[in-house]
Amino acid sequence: MSPPAIIAPSILSADFAALGKACSDTIDHGASWLHIDIMDGHFVPNMTFGAPVVTKIRPHVPRPTAAHGVGTFDCHMMIAEPKKWVKDFQKAGCDLYCFHYEAAITSTAAENPADHSEFRTSPREMIRYVHEQNMLAGIAIKPETPVDVLWDILDNVDKAEVPDLVLVMTVHPGFGGQKFMASELPKVKALRERYPDLNIEVDGGLSETTIDQAAQAGANVIVAGSAVFGAKDPADVIAKLRSAVDAER
């Protein structure tokens with residue numbers, strides 16, 4: 001049996017003029033986590049918000065009482081220098097720091113925004129560093145990245161360097177409201193077959209019309225933005241997404 005369903009609405013689709021209330025209401029509607037999309041205008045062409053916004057919304061949602069628990073802030077770091085921002089987001093209230101594999105293999109080992117380093121980081125080093133800051137670590141891959149780049153990382157015997165979650169993007173990262181890419185689901189299926197206990201997240205184009213495909217492939221962590229925040233009855237949508245995942249466990 002795969003891990004339980006986790007529904008993580010993306011606040012990129014929330015009302016920014018009342019963001020704190022939108023976050024607390026979404027948890028009250030039955031969401032497990034909140035998915036927080038951080039974009040820097042470099043790794044992806046769009047820009048969203050940074051650690052100060054996370055700091056402001058954190059008091060509106062109680063911290064999880066256990067790892068992966070309700071209220072988890074799942075920060076999806078679509079940024080070019082992910083190691084530089086780990087400490088800032090930990091201080092802001094992030095619970096799960098999910099960086100991109102593609103950024104980790106090209107970025108520096110600098111540990112603060114103003115720092116510079118001649119050394120490179122790596123996915124394994126990033127995971128260890130996030131864990132050292134007392135956060136869960138996630139690793140994400142873009143549609144153009146093959147899933148087998150993750151095998152060595154996930155098979156590592158040193159658990160400090162193994163991610164707590166893998167995020168498979170089902171759209172090209174950078175903008176909300178894109179069409180779901182079913183072409184990415186074989187990656188999810190391969191991950192689930194190899195790692196039955198892994199939290200596997202999908203992000204992009206998830207709704208009541210696409211959830212069955214994702215759930216059947218083996219995804220258990222579901223990111224949905226406009227499908228939840230644009231719904232007349234968000235609680236009903238969240239319940240239907242959860243039911244679809246639970247039906248495939």
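Guide: What follows is a set of questions and answers on a predicted model.

Visitor: Is Ser2 buried or exposed?
Guide: Ser2 sits in the segment before strand 1 (6-9). Its contacts beyond four places in sequence are Arg192, Pro196 and Arg249. The relative accessible area of Ser2 is 14%. The cut-off for burial is under 20%, so Ser2 is buried.

Visitor: How many of the 10 residues of helix 1 are buried?
Guide: Helix 1 covers residues 19-28. Among its buried residues are Leu19, Cys23 and Ile27. The cover over them includes strand 1, strand 2 (33-39), helix 2 (51-57), helix 9 (226-229) and helix 10 (234-247). Helix 1 is largely enclosed by the rest of the structure, because the buried count is 7.

Visitor: Which residue with a positive phi follows helix 1?
Guide: The phi there is near 110°. The residue is Gly30.

Visitor: In strand 8, what is the bridge partner of Ile7?
Guide: Strand 1 and strand 8 run parallel and are paired over 4 bridges. In strand 8 (residues 221-224), Val221 and Val223 point one way, Ile222 and Ala224 the other, and all are buried. The partner of Ile7 is Ile222.

Visitor: And which residue in strand 8 is the bridge partner of Glu201?
Guide: Strand 7 (residues 199-203) is parallel to strand 8, with 3 bridges between them. With helix 8 (residues 211-217), these two strands form a right-handed β-α-β unit. The partner of Glu201 is Val221.

Visitor: How many residues apart in sequence are the parts tied together by Phe16 and Phe49?
Guide: The count of aromatic pairs comes to 3. In this one, the ring centres are 5.7 Å apart and the planes stand at 65°, so the pair is edge-to-face. Phe16 lies in the loop between strand 1 and helix 1, Phe49 in the loop between strand 2 and helix 2. The parts they tie together are therefore separated in sequence by 33 residues.

Visitor: What kind of pair do Phe89 and Tyr97 make?
Guide: Phe89 is buried at 2% relative accessible area. Tyr97 is buried too, at 0%. Their ring centres are 6.3 Å apart with planes at 70°, so the pair is edge-to-face.

Visitor: At what distance from the ring centre of Trp151 does Arg194 lie?
Guide: Arg58 lies over the face of Phe73, at 3.6 Å from the ring centre. Arg194 lies over the face of Trp151, and its distance from the ring centre is 4.2 Å.

Definitions and conventions. Residues numbered from 1 in each chain as written. Predicted model: local features only at pLDDT ≥ 70, side-chain atom pairs only at ≥ 80, totals over all residues. Heavy atoms only, no water. Buried < 20%, exposed > 50% of the residue type's maximum accessible area, 1.4 Å probe, protein only. Contact = heavy atoms within 4.5 Å. Pairing = 2+ DSSP bridges. Right-handed = clockwise from strand over helix to strand, strands pointing away. Phe/Tyr/Trp six-rings, centres within 6.5 Å; stacked < 30°, edge-to-face > 60°. Lys NZ or Arg CZ within 6 Å of the ring centre and 35° of its normal.
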